[in-house]
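Biologist: Could you walk me through this one before I set anything up? I would like to go feature by feature.

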Amino acid sequence: MSSTFSFPRLKRILLYASLAVSLAPPTSAWADDAKALLKTMSDFLTAQKTISFTYQSSLEAVTPDFEKLQFVSSGTANLTRPDKLRVTRTGGFADLDVSFDGSSLTVHGKNLDAYAKIDGKGSLDDLIDRLMTAGVEAPGADLLSSNVYDVLMSDVTEAKHISSAFVDGVECEYLVFRTPEIDWQIWIQSGPQPIPRRYVITSKHVVQAPQYTLEISDFKSGADVAAVSYTIEVPASVKTVDLSELQSLDELPEAASMGEVK
């Protein structure tokens, strides 16, 4: 009997079948488990008054020729609840030092030799809300809020605990969540320090479904956090500009696009 399938194709089919079996629709226990694990992470993070970590982020963009590009940045973050934040980010198109001291936000674009300062008292939650209202995208900022669980779970329609996994050699729990507009995945470190190690957001209604990826390392809290100033010392020669003029706040070059909505 002749076969209509070549071996490589059959091998691929077996691989897909295996993947389909392993990712069978979750039981209710899986869904409950995913939410419980996320809640444990949220409770741990919000209980930490002082936090520091390093990170690497990558943001994908799709060209008009449907070529997917990935823009990678790295930086540091220091946070003291409820109202102090210092973040740096260096990438191919930005070299930023951002600080919020509870009364004003300062953004120093080192590569632009310019800075912007915006007055406004409030908590970190207030700051994140104001930035989003102003149209400043800050993917991953959700993880800094005072109630990570409620923020992340808003609009979630489906939650799964897929399996254990390893990120940078550290055992994690791999969770996936769906909302009407985006899907997101998170890898939470197993054990007594349930911190997010990897966080991926997929824009599923944009052509070629570009993703934002955040990877966290060197996480410290409490007394292990080195002292940091929440005031940026900007050189006198640096010009003051409106925040909107700091075009390179984004991780993308000015001409890049996240892609068209399907």
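Biologist: Which residues line the largest cavity?

Modeller: Bear in mind that this is a predicted model. The lining of the largest cavity consists of Leu45, Ile51, Phe53, Leu79, Arg81, Leu143, Leu144, Pro196, Ile216 and Phe219.

Biologist: Which strands each supply at least two residues of the lining?

Modeller: Those are strand E1, covering 50-62, and strand E11, covering 211-221.

Biologist: How much space lies in the largest cavity?

Modeller: The largest cavity holds about 70 Å³ of space, and the count of cavities of 30 Å³ or more comes to one.

Biologist: Switching to the backbone, what is the peptide bond from arginine 81 to proline 82 like, cis or trans?

Modeller: That bond is cis, with omega near 10°, and proline 82 sits in the loop between strand E2 (68-80) and E3.

Biologist: What about phi at alanine 209?

Modeller: Alanine 209 has a positive phi of about 45° although it is not a glycine, and this residue belongs to the loop between E10 and E11. With 23% relative accessibility, alanine 209 counts as partly exposed. Aspartate 218 likewise has a positive phi, about 50° here, without being a glycine, but its place is in strand E11, and at 47% relative accessibility aspartate 218 counts as partly exposed.

Biologist: On to the rings, then. How many aromatic pairs does the structure hold?

Modeller: There are five aromatic pairs. One of them is formed by tyrosine 174 and tryptophan 187, whose rings are stacked at 4.7 Å centre to centre with 10° between the planes. This pair links distant parts of the chain, with tyrosine 174 in strand E8 (residues 170-178) and tryptophan 187 in strand E9 (residues 182-189), 13 residues apart.

Biologist: Are those two buried or exposed?

Modeller: Tyrosine 174 and tryptophan 187 are both buried.

Biologist: Why is the pair of tryptophan 184 and tyrosine 199 called edge-to-face?

Modeller: The ring centres of tryptophan 184 and tyrosine 199 are 6.0 Å apart and the planes meet at 75°, so the pair is edge-to-face, because planes over 60 degrees apart fall into that class. Tryptophan 184 is in strand E9 and tyrosine 199 in strand E10 (residues 196-203), so the pair ties together parts that are 15 residues apart in sequence. Both tryptophan 184 and tyrosine 199 are buried, and ring pairs join Phe177, Trp184 and Tyr199 into a cluster.

Biologist: What lies over the face of tryptophan 187?

Modeller: Arginine 198 does, at 4.8 Å from the ring centre. Arginine 198 also forms a salt bridge with glutamate 215, in which the closest N and O atoms are 2.9 Å apart.

Biologist: How many salt bridges does the structure hold?

Modeller: Eight salt bridges are present. Among them is the one between the side chains of aspartate 97 and arginine 86, at 2.8 Å from N to O, which links aspartate 97 in strand E4 (residues 95-100) with arginine 86 in strand E3 (residues 84-91), eleven residues apart. Aspartate 97 and arginine 86 are both buried.

Biologist: And arginine 178 with aspartate 183, how far is N to O there?

Modeller: The side chains of arginine 178 and aspartate 183 meet in a salt bridge at 2.8 Å, N to O. Arginine 178 counts as partly exposed at 35% relative accessibility, whereas aspartate 183, at 18%, counts as buried.

Biologist: Last one: how far apart are valine 167 and arginine 197 in sequence and in space?

Modeller: Valine 167 and arginine 197 are 30 residues apart in sequence and 6.8 Å apart in space, C-alpha to C-alpha. Valine 167 is part of strand E7 (residues 158-167), and with a relative accessible area of 7% valine 167 is buried.

Methods: Residues are numbered from 1 along each chain as its sequence is written. This is a predicted model: local features need pLDDT of at least 70, side-chain atom pairs count only at pLDDT 80 or more; totals for chains, interfaces and linings use all residues. Side-chain values use heavy atoms; hydrogens and water are left out. Rings of Phe, Tyr and Trp (its six-membered ring) pair if their centres lie within 6.5 Å; planes under 30 degrees apart count as stacked, over 60 as edge-to-face and the rest as tilted. Helices (H or I, at least four residues) and strands (E, at least two) are DSSP runs, numbered from the N terminus. Buried means under 20% relative accessible area, exposed over 50%, partly exposed in between (1.4 Å probe, protein chains only). A charge sits over a ring if NZ of Lys or CZ of Arg is within 6 Å of the ring centre and within 35 degrees of the ring normal. On a 1 Å grid over the protein atoms alone, a cavity is a set of points where a 1.4 Å probe fits but cannot get out, and a pocket is an open set with protein on both sides within 12 Å along at least five of seven lines; lining residues have an atom within 4 Å of a point. Grid points are joined across faces, edges and corners, and a volume is the space filled by probe spheres set on the points. A salt bridge is a side-chain nitrogen of Lys or Arg within 4 Å of a carboxyl oxygen of Asp or Glu.
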